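User: I've just opened this one and would like a short walk through it. Can we start once it is on screen?

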Amino acid sequence: MSDLLTSMVAASSGMEAQSSRLRLVSENLANVDTPGFRRKTISFEEVHRQGDARAVATGKIFLSEAELERVYDPAHPMAGEDGFHDGSNVDLMIEIADAREARRTYEANLRMFDQSRGMINGLFDLLRR
């Protein structure tokens with residue numbers, strides 16, 4: 001029974017971490033056209049919970065060091081004398097791929113959690129007989 005609970009702890013921490021990752025991806029997507037916006041990423045760290053249970057936790061949020069896109073738009077209020085202003089460094093294709101990966105990882109953790117819960121319920125049913 002302890003192993004089943006341990007797997008549920010690991011799965012729930014994975015869902016929580018991927019949820020945080022999806023939140024950052026959605027922030028990046030919402031700010032793809034915001035001048036001066038830098039892409040945010042999050043790190044994951046292994047932690048130990050409830051005895052031997054291994055889990056994942058979110059770490060620091062990092063801002064991308066990639067160059068900001070130079071956009072030519074002389075009518076923009078932030079444009080310099082040369083007509084250029086700094087755009088964002090968010091790449092739409094990378095964000096879509098990250099969102100897809102985070103969603104699939106979240107779903108895999110959800111399936112693991114559901115299977116562990118089903119096994120615990122089956123064990124309780126056997127014990128009630």
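Predicted model: local features only at pLDDT ≥ 70, side-chain atom pairs only at ≥ 80, totals over all residues.

User: How many positive and negative side chains does the chain have, and how far apart do the centres of the two sets lie?

Analyst: The chain carries 16 positive and 21 negative side chains, with the centres of the two sets 10 Å apart. Residues are numbered from 1 along each chain as its sequence is written, and side-chain values use heavy atoms, without hydrogens and water.

User: OK, and which pattern does the chain follow along the sequence?

Analyst: The pattern is α-β-β-β-β-α, made of 2 helices and 4 strands, where helices (H or I, at least four residues) and strands (E, at least two) are DSSP runs numbered from the N terminus.

User: What does the C-alpha trace span along its principal axes?

Analyst: The trace spans about 80 × 25 × 15 Å.

User: Switching to Ser12: where is its place, and is it buried or partly exposed?

Analyst: Ser12 belongs to helix 1, residues 2–30, and is partly exposed because its relative accessible area is 29%, given that buried means under 20%, exposed over 50% and partly exposed in between, with a 1.4 Å probe and protein chains only.

User: And how far is Ser12 from Gln115?

Analyst: They are 103 residues apart in sequence and 12 Å apart in space, C-alpha to C-alpha.

How values were computed:
Lys, Arg positive; Asp, Glu negative; His and termini not counted. Charge placed at Lys NZ, Arg CZ, Asp CG, Glu CD.
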